[in-house]
Each structure stands twice: as structure tokens, then as C-alpha cells.
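The paragraphs below go through a structure step by step. Please keep the sequence and the coordinates at hand while reading.

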Amino acid sequence: MPIRTSSIVSQSGLPLGFMQIPIPIVQHSATNIGTITINPRYNDSTAHTALFDSSDDYAPGAASGGNAYVDISLPMFPHHDTWMNKVHDSNYGRRTGTGTAIGDIGRISLWAQIGVGDSPHPGEDYSYAHIAMLRNQAGAYHSYQTTNSPSPNYSEPRTLGDSANTLGSFANFKVSGQYYAGGAYGGWYCLANYAGGLFGSSDTLRIINWGGNTDARSRIRIVDMVYILHGKLGTSGV
Amino acid sequence: MKIIEYGNCVWDGPKENKGISCKEDLLKLKQVYDFTQDPPVLVHTKTDEELYIIWEQSEINNFAQEHIYKYYPSWKQSNVLREGNEQELLKMSNFINAVRAWSNQESPDPWDGSLDIVVP
């Protein structure tokens, strides 16, 4: 008879653990290939306090020309709510009475490898950028504002998780770091951990680089990005 | 492709990445629902002025190329050039010129039927 701890395995001997489905959004394919570069909108401290309040903020041009934003299609729908979904029958690890394994937890994490600036080993906080992340919403009056009427309120951005239009939220948060060898010396940034309702029913992620310093210090490169659907395993199986 | 919604760019990228390949797909983006109702109720459909597409010239050129290839794939063009009589050559040439004129006009709409009526 196996040693069993009720908090670790079920009566059928299966782990009562949690599971994740990692879904890559951006995957670099080779050094300097397949990454996304976004130049800063502002080359000065205007970015430090930038928030959404006008139409221009949603699709801003970079200070040096081109776009200061990028739209990324989500490769799989990030729904994690249990709408009408339910698996009937608890065999094969299915969960019954709790909707779906994903809906049971209803949480998402977001991680990214981001190159900041152009320099390797620049010193901490030398290369930095202020970033915003928006999600769209099909079937709404406005993709990127939450205003529920034809006339948009530009102070109501549809940020990830519908966080407020405040500093430190997805309307404007700061990252610092470095960039070297096509991101090989990067690192994973945790942008959200077990967040509820991060994406809603969106299919597109918009990343805006507010910037903060010169292009060489505030340019960002999205090297890799992944979101993780968290779920809870069933207790039966085969 | 840029999708403009109430004056705001809400998509900037290839149309394939947005899953939009025809006018019907675009219509889905125009529909506004009241999600507080069960099932959600359609409350508004954005007009062509409220939501529209701005095409890149390269995308317009691709539409034109696909339309030309529909009637004259490259192998057929070669055959007409090599073996076709004057009448066949003129017919193909007029068609290609008409498609090119379509693509070179200001803001052509590949989904309004204006390209479809250009035939050899």
C-alpha cells in the first residue's frame, strides 16, 4: 500500500495538485529573429506619469517615428471562466460539479522576457521603460475603452484585468533591465501572477511603450511572452 | 491593415492575424451587444464611418494579384505571351491594366465588389 498524505494524493492515489497550460504569445525563433521591438513614445520623463486621457494615447507614434505600440493576436482564447461549461463524469481526471479544471481556479499568469534598451550590463535602472498593456473586447462599443456608449471616454482604458488608469497598474508600469545577445542574457519578468480576469474575452493584446529616456535606453524588445492558464486537477483517473 | 473604430486605430497588423478575410468578418467587429442580457442582445451595429479599414498598399497589391491569378495564373500568362494570338494578348493585357487601375485608385475597397466586376 502506497504511503498517502491526503493533502498530496487523492484516495485513488492521484495528486491533488494544480496544473497549468502555458500558452506562448511571443516566441523568438532565433537570435534577433521573431522578437518584437517597440520604440518609446517619449524620450523624457513625460513617460513616468503618462496615463490615458486622449485618443492619441491608444495608438501612439514613437518619438523617433513609427509606432510606439504593437498588436499581438492571442494564439488561443484566454477564457478561464466557467460559463455553461461542465464536464459530466469524473473519470479520467475530469472534475464534475465544479465546471472545468480551468474555471475552478479562474486565474491567469503572464510572464515575459523583455529586452530593455540596447546595452548589456548597463547598471540597474539605467535602461528602463514605462509600459501599458491593453486588451480588446469584441462586441463592445470600443475595443480599447470600457465606455459603454458610442462616445468614448479616453480616461477609461481597457487595461489587462481592467486595472485602473493609474500609475503602477497596467496603464503604466515600469520595467528596467538590459539587452544583450538577442535576449540570451534576459530574464523572465512576472507581469501578473494568478490574476483573475486578466484578458476577459479578448483576442488581442496591445503593448504600448511610453518610454522615459532615449531610444537606446528605453527601447523594449519582447523576446518571449507566455500566459498561463491555471487549473485544478481531478482526483480520479486511469 | 488598420482597423479604425471611432477614429481610433484598434488593430494594426496583417489581416490574417486578426482573422478577418471578408466583409462578414468585419461585420462581427461592428456589432455591439448588451452582455447583461442572457443571451446577449444586439444593441448597435457600427456604421462604415464608425468602423472601417485602412489598407496598406502592399495588401491592395496582393488583392489585385490574386484577382489576376484567378483568371490568368502565371503559367497561363506565359502561354498567352508565347503562343496567344493578338486578340488573346489584348484581352489579357486590358484585364491586367484594369486591375492595376483598380489597385492604383485612391482607397480601393477590396470587399465592396468593385474588384469582382473587373473581368477579362
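In which sense do strand 3 of chain B and strand 4 of chain B pair, and over how many bridges? The two strands pair in the antiparallel sense, over four bridges. Here two strands count as paired if DSSP finds at least two bridges between them. Strands (E, at least two residues) and helices (H or I, at least four) are DSSP runs, numbered from the N terminus.

The model is predicted: local features need pLDDT of at least 70 and side-chain atom pairs count only at pLDDT 80 or more, while totals for chains, interfaces and linings use all residues. Residues are numbered from 1 along each chain as its sequence is written, and chains are lettered from A and ligands numbered from 1 in the order in which they are written.

To stay with the opening pair, a hairpin of six residues joins strand 3 of chain B to strand 4 of chain B. Across this pair, Val32(B) stands opposite His44(B) in strand 4 of chain B. The loop between strand 3 (31-34) and strand 4 (41-45) of chain B contains Pro39(B). The peptide bond that leads from Asp38(B) into Pro39(B) is cis, with omega near 0°.

Chain B also has an open sheet of three strands, in the order 2-1-5 and with antiparallel pairing. Strand 2 (8-12) and strand 5 (51-54) of chain B are at its edges, and each has a single partner strand, so one side of each is left without a neighbour in the sheet. From one strand to the next the twist averages 25°. Angles run from 0 to 180 degrees between N-to-C directions, and axes are lines fitted to C-alpha atoms, for helices over the stretch in contact. Strand 1 (residues 2-5) of chain B pairs with strand 2 of chain B over four bridges, in the antiparallel sense. In this pair Ile3(B) stands opposite Trp11(B).

The domain assignment of chain B, automatic or from a database, gives domain 1 (1-54) and domain 2 (57-120). Taken over C-alpha atoms, the centres of these two domains of chain B are 30 Å apart.

Next come two helices of chain B. Helix 3 (residues 57-71) and helix 5 (residues 86-104) of chain B pack at an angle of about 160°, and their axes are 9 Å apart. The two helices of chain B are therefore roughly antiparallel to each other; angles over 145 degrees count as roughly antiparallel, under 35 as roughly parallel, 65 to 115 as roughly perpendicular and the rest as oblique. Among the residues that meet here are Ile60(B), Ala64(B) and Ile68(B) from helix 3 of chain B, and Phe95(B), Val99(B) and Trp102(B) from helix 5 of chain B. Contact requires C-beta atoms, placed from the backbone, to lie within 7 Å. The residues of this helix contact divide into eight nonpolar, three polar and one charged. Nonpolar covers Ala, Val, Leu, Ile, Met, Phe, Trp, Tyr, Cys and Pro, charged covers Asp, Glu, Lys and Arg, and the others, Gly among them, are polar.

Chain A has an open sheet of four strands, with the order 3-8-5-6 and antiparallel pairing. Its edge strands are strand 3 (69-73) and strand 6 (173-177) of chain A, each of which pairs on one side only. The twist of this sheet averages 30° from one strand to the next. Strand 3 of chain A and strand 8 (residues 204-211) of chain A pair over five bridges, in the antiparallel sense, and Tyr69(A) stands opposite Ile208(A). In the loop between strand 4 (107-116) and strand 5 (127-135) of chain A lies His121(A). His121(A) has a positive phi of about 50° although it is not a glycine.

Finally, the two chains touch: the contact takes 17 residues from chain A and 16 residues from chain B. On the side of chain A that touches chain B, the residues divide into eight nonpolar, eight polar and one charged.
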